[in-house]
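Hi,

Here is the structure I promised to pass on. Have a look at it first, and then read my notes below with the viewer open.

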Amino acid sequence: MTDSSRLWVQRAVLLAVMLASWEACARLISDRWISSPVAIAERLAQWMAGDLWYHMMITGAEIGAGLAIGIPLGVLTGMLLGRSQRMAAVFRPFIVLMNSLPIVALTPLLIMWFGLGMQPKIVLVAFVSFLLMFFNSFSGARAVDDELMDTLALMGADARERFVKVVVPSCLTWTIAGLKNALPYALIAAVIGEMMLSRNGLGHLITRSAQQFDMTGIYTALFVLMVVGAMINEATTLVENRLLRWRHLETRGR
């Protein structure tokens, strides 16, 4: 058996022990507060035959739309301000102030501005992803070698060419690092918005279950969110490995 196979077997054994202990505690003590794995599996099957996919689609649409706005805006703004000391000095304090705002505190304001539909959640996701991508891209642009930029200028490259051929590739590692943070936080922002006031989405499933004192429903919704979060992390890792494959080649060459 290979090391990888042995590792998966150990993980499976650990998971089985944890689930068996959980089920035993629920049956012997009480399932009022901790539910049980069997009850959660039954509820999950019930939801999957019902409206679970619809709520997942709503949350996914909010995350996708928010990221489509926040990521390019944050990356571009961070790179531009990172290469301009004057603009960075003017704008950076205001962006740091915005970053200090708790996400939850913004939700009521966005609901009053954009209503009860998907718009407040989309704006919340866009705001969070913008800030995360901005600070990473800003740091990446500040780390660009100025001597290389001066050399290209002496060779006749204009500002656009220097930005596209030096600044953007140099910021790629920083941008991917920001993306790895932005995606999980986008899920958090969307769920918080749905929990505050919404009739759709995975966050609404938690709120609906809590209002009905349905402990199994809460655990089931949390399990679904955990799976969605893990899938987002895996997708981010795949994107990182593809865009930064040169880094892995360098590691193998050492």
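A residue counts as buried when its relative accessible area is under 20%. Ser35 has a relative accessibility of 1%, so it falls in the buried class. Bear in mind throughout that this is a predicted model.

**Two loop residues with positive phi**

Ser35 sits in the loop between α1 (3-28) and α2. Its phi is near 50°, a positive value in a residue other than glycine. As background, most residues other than glycine have a negative phi. Phe213 is another case, with phi near 55°. You'll find Phe213 in the loop between α10 and α11, just after α10. Is Phe213 buried or exposed? Phe213 is exposed, at 78% relative accessible area, whereas Ser35 is buried.

Now step back to α10, which covers residues 202-211. Seven of its ten residues are buried, so α10 is largely enclosed by the rest of the structure. If you want to click through them, the buried ones are Leu202, Gly203, His204, Leu205, Ile206, Thr207 and Ser209. What do they pack against? Their partners are α2 (37-48), α3 (52-82), α9 and α11.

**α9 with α11**

Two of those partners also pack against each other. Helix α9 spans residues 172-196 and helix α11 spans residues 215-243. Their axes are 10 Å apart, and the packing angle is about 165°. An angle over 145 degrees counts as roughly antiparallel, and α9 and α11 are therefore roughly antiparallel to each other. Their crossing is right-handed. On the α9 side, the contact is made by Leu172, Ile176, Leu179, Lys180, Leu183, Pro184, Leu187 and Val191. The α11 side brings Leu225, Val228, Gly229, Ile232, Asn233, Thr236, Val239, Glu240 and Leu243. Sorted by type, the residues of this contact are twelve nonpolar, three polar and two charged.

**α6 and its neighbours**

With α9, its axis comes within 8 Å, at a crossing of roughly 160°. That makes α6 roughly antiparallel to α9, and the crossing of the two is right-handed. The contact of α6 with α9 contains 13 nonpolar, nine polar and two charged residues.

With α3, the axis of α6 comes within 6 Å and the two cross at roughly 30°. How are α3 and α6 oriented to each other, parallel or antiparallel? Angles under 35 degrees count as roughly parallel, and α3 and α6 are therefore roughly parallel. This crossing is right-handed too. Here the contact residues divide into 17 nonpolar, eight polar and three charged.

The model has five aromatic pairs, counting rings whose centres lie within 6.5 Å. One of them is Phe130 with Phe134: the ring centres are 6.1 Å apart and the planes are at 25°, so the pair is stacked. Phe130 and Phe134 are both buried. Ring pairs also join Phe130, Phe134, Phe135 and Phe138 into a cluster.

**Around α5**

Leu109 lies in helix α5 (residues 103-114). With a relative accessible area of 35%, Leu109 is partly exposed.

Gly115 comes in the loop between α5 and α6. At 25% relative accessibility, Gly115 counts as partly exposed. Leaving aside residues up to four places away in sequence, Gly115 touches Leu110 and Pro120. Gly115 and Leu197 are 82 residues apart in sequence, and their C-alpha atoms are 10.0 Å apart in space.

Cheers

How values were computed:
Residues numbered from 1 in each chain as written. Predicted model: local features only at pLDDT ≥ 70, side-chain atom pairs only at ≥ 80, totals over all residues. Heavy atoms only, no water. Axes fitted to C-alpha atoms, helices over the stretch in contact; angles between N-to-C directions. Helix = DSSP H or I, 4+ residues; strand = E, 2+ residues; numbered from the N terminus. Parallel < 35°, antiparallel > 145°, perpendicular 65-115°, else oblique. Left-handed = near helix turned anticlockwise from the far one by under 90°. Contact = heavy atoms within 4.5 Å. Nonpolar A, V, L, I, M, F, W, Y, C, P; charged D, E, K, R; others polar. Buried < 20%, exposed > 50% of the residue type's maximum accessible area, 1.4 Å probe, protein only. Phe/Tyr/Trp six-rings, centres within 6.5 Å; stacked < 30°, edge-to-face > 60°.
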